[in-house]
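Hello,

Here is the structure I promised to pass on to you. Please have a look at it first, and then read my notes below.

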Amino acid sequence: MINRRDFGKISLAAGLAATTGRPAWAASAADTAVKAAQQYKGRSITIVWEAGLQSLDPTHFSGPKWKELTGIDVRVIEVATAEMFTKIMQDYKSGAGAYDALNVIPAWMPDLAQAGALEVLDPYVEKYGYASELQTIAPTYRDNQMKVSGKIYGFPDDGDVFLMYYRRDLFEDPAVQKAFKDKTGKDLAVPKTWADFDVVGAGLTDILKSKGIYGASFFRQPPYAMYMFEERFRNEGGKFFDAGTMKATINSDVGVKVFTGMRNENKFMPPGVEQFGFVENLATFLQGQSAMTISWPPYGRWAEGYGTDQEALNWVPKTTIAGKVGYALPPGGHPELAAGFALSVSSTSKNKDAAYLFIQWLNSEDVSRQRVQLPYTLRDPFRDSHYADPGYLALWPNAKDYLAALKQASQTGLLDLSLLQTDKYEEVLRQAISKLWAGEDPKTILDAAATQWNDITQKIGVDKQKMVYAAWAAESGAYPKM
Amino acid sequence: MAAIAHPDRNFKYWLISPAIFLLLLIGLFPLIFSLVVSFMRVTMLETDTSFAGLANFVQLFHDARLWQSLAHTVLIIIVALPIELLLGLAMAYLFLNHMPGRPILISLLMLPTIISPIVAGATWRLLFDNRYGPINQIIGWFAGHPVPALWTVNPGLVYPAIIFCEIWQWTPFMFLILLAALSNVDRSLTEAAEIDGARFWRSFRYVVLPAIFPVMSIAILIRGLDLFRIFDIIWALTSGGPGTMTETVSVYAYVQGFRQFESSYTAAIAFLVIALLTVVVTWAIRRMGLAK
């Protein structure tokens, strides 16, 4: 028979369950990981992490915390992004087993999984009860950045997605609105299509250039511009391949239109925009010299000054536009997820369980919520709970709009192209973009790029690549629903 | 009379054998292994590593990008090397005679050569930056208006930028070698020529040049080989771009080996380069009389 004390306990548990989404007596995935990892106290594990700001997370926060909780020492192997794939493959091929846990860009997963470099995580997920918390990762990341051929190889851990950041103060300025209307006959509004973007960008440059403000600025260096091409190409209706023949179709009319548009838009952007990388574009926007830009989530935080008082971020130009930034989906409405990171375990690790438990803990609801709010790191919201977290919403006055935009972007986001030997195809795209800035004809460039893509496909094996492409194209985030 | 004990004649070989073994292990083993790999189908991403015969070497001759990279390399050599030689020679003449502060000035001139080439390239990339670099700013002062030259993007400017950086960094090397060579020319010969009425150019051509030719030849050979394997400055400035416009053999081999993971094909490229350089170096040594 239940007495009053029992009834009180049950009510409390039910109440907690209602707020946390799990039974109060059930341990969180973070707690489970910590308890299970304590048996490995005194051991040391390594984790490959992107060099620079990203690695401040494990070196300053999660690594020390994990050691405190479990006694396991975390050694962070910082590697430049461009070298990460090579290093992971080299470690695997040599059998050295130097790496235990890994950060991998999801687009690499088919290659790494096929090569056997990644540990299949399904047994560990079942063993340590992580399945339910995996379901609360935002669907686009969860459904598209976790599995290869139905098996889990990584936990999505970074909500990278492109967002448009624009100067709300300029768009809402009556004088600017009037001048724009007089010039173009249209109302000034945040562009929803690339055709609108061209009109708005050029118009704002004409109106504001005398004040040192351009309509827009983008990062145009090939490694970044490649993602923008992938996004825009698909938003305009382009397909990377003919699914039946696996012939590349990037040189279609859509591809030429996109390339031509990208080149023409440089004319109303700051001089030298062809050389803009992440930092140059950031500086331009934060110093108030462009009215619109597209980039990863950190732009939005740093534009509001969040975290830029940290020593690690003292290189970020001081913002002159805090409180003036609006957030929107890029033109087309389907932004590129653009890289991102997933946490994996190396198949040659000698500490697989310990490594797995660390990544489960990192990726869990409780811990990831703290990590995405660290002012000095680059991890972006990727769980449903992150977008609604009261702490995050209170970080700056406009944070709720920022998180709402990120959530919307994650729901409509487009996956990076992910095939066998994706980097070879991307290398061709990067070179094509650098030729575009050098002044070559877009059609000629794309025809050559398509030929190179076809050669790569032939070398890999048409049927083999066709299967991988078909699986990728079937994902909900591969192509926008037109 | 006591018999004289003959020392073991082979003892000296035993003494140096560990070092020779180590050198062979480090140098010869990778060479042979690379040769074996070049006849196989080894890539980082495929499991098939079967024997490929001459397929990789045949591919070399059909690879237009490889031959373009060789052409780019030769272009850099034929432009940069003569300039470095002439500038180095001019600087050597300038510092031949005693002047106040000569040792300090020579030390300062040598500084570029002690900087790591990749650091030099990264620094020059900043200097050439369109918005924040001082190069464009200084040019703008002289022009009277901003000059947004895109040194690492504009096809007309990328080679001047690369060659300028190379010359800046390595002319001091030429200068030092030629200074030493000029310092050892017998003054009595040049003075005698002067007394006989020979002007500077005749004196240089018939007296100085023959005297410094052996040393100058070695400097040219060393710098030529360095320029052939140029990588760091190009990678830092342009990464071989725009497109593949500034891709040299070293850059292309790096891309094939470490970006495309085509290990066997990269090994074949390496042996092609070894073969070409062997021919060139042999010819150069004979031509320059260095084998005498």
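This is a predicted model: local features need pLDDT of at least 70, side-chain atom pairs count only at pLDDT 80 or more; totals for chains, interfaces and linings use all residues.

Along the principal axes, the C-alpha atoms of chain B fill a box of roughly 95 × 75 × 30 Å. Of its 292 residues, 42% count as buried. Chain B exposes about 16,900 Å², and carbon and sulfur atoms supply 72% of that area. If you take the contacts in chain B between residues at least 6 apart in sequence, 69% of them join residues at least 24 apart. As for charge, chain B has 17 positive and 15 negative charges, and their mean positions are 6 Å apart.

Chain A has both kinds of element, with 23 helices and 10 strands. Its radius of gyration is 24 Å, close to the 23 Å that the globule rule gives for 482 residues, so chain A is as compact as a globular protein of that length. The C-alpha trace of chain A spans about 80 × 55 × 45 Å along its principal axes. In chain A, 59% of the 482 residues count as buried. The accessible surface of chain A is about 18,300 Å², with 54% belonging to carbon and sulfur atoms. Among the contacts in chain A between residues at least 6 apart in sequence, 77% join residues at least 24 apart. There are 52 positive and 56 negative side chains in chain A, and the centres of the two sets lie 2 Å apart.

Now to the place where the chains meet. Here 27 residues of chain B are in contact with 32 residues of chain A. The area buried between the two chains is about 2,500 Å², and carbon and sulfur atoms give 48% of it. On the chain B side, B:M44, B:L45 and B:R131 lose the most area to chain A, together 25% of what that side buries.

**Some places to look at**

In chain A, you could start with helix α2 (residues 29-37), where A:A29, A:A30, A:A33, A:V34, A:A36 and A:A37 are buried. An α-helix has 3.6 residues a turn, so residues three or four places apart point the same way.

A:T136 is in the loop between α7 and α8 (139-144) of chain A. Is A:T136 buried or partly exposed? Its relative accessibility is 27%, so A:T136 counts as partly exposed. Leaving aside neighbours within four places in sequence, A:T136 is in contact with A:E365, A:R383 and A:D384. A:G255 is 119 residues away along the chain from A:T136, and their C-alpha atoms are separated by 36 Å.

In chain B, B:E84 belongs to helix α3 (residues 64-94). B:E84 counts as buried because its relative accessibility is 0%. Not counting residues up to four places away in sequence, B:E84 touches B:E166, B:I167, B:W170, B:T171, B:M174, B:R223 and B:L227.

**Backbone details**

- B:G241 and B:P242 are joined by a cis peptide bond, with omega about 0°. B:P242 is in the loop between α10 (232-237) and α11 (249-259) of chain B.
- B:F261 is not a glycine, yet it has a positive phi of about 60°. B:F261 lies in the loop between α11 and α12 (263-287) of chain B, and at 5% relative accessibility it counts as buried.
- A:A339 is not a glycine either, and it has a positive phi of about 80°. A:A339 sits in the loop between β9 (325-328) and β10 (342-345) of chain A. At 12% relative accessibility, A:A339 counts as buried.

Happy viewing, and best wishes

Note on methods: Residues are numbered from 1 along each chain as its sequence is written. Chains are lettered from A and ligands numbered from 1 in the order in which they are written. Side-chain values use heavy atoms; hydrogens and water are left out. Buried means under 20% relative accessible area, exposed over 50%, partly exposed in between (1.4 Å probe, protein chains only). Contact means heavy atoms within 4.5 Å. Accessible areas come from the Shrake-Rupley method with a 1.4 Å probe; for residues, only the protein chains shown count as cover. Lys and Arg count as positive and Asp and Glu as negative; His and the chain ends are not counted. The place of a charge is taken as NZ of Lys, CZ of Arg, CG of Asp or CD of Glu. Helices (H or I, at least four residues) and strands (E, at least two) are DSSP runs, numbered from the N terminus. Buried area is the accessible area (1.4 Å probe) that two parts lose on being put together, summed over both. The radius of gyration is taken over C-alpha atoms; the globule rule is 2.2 Å times the number of residues to the power 0.38.
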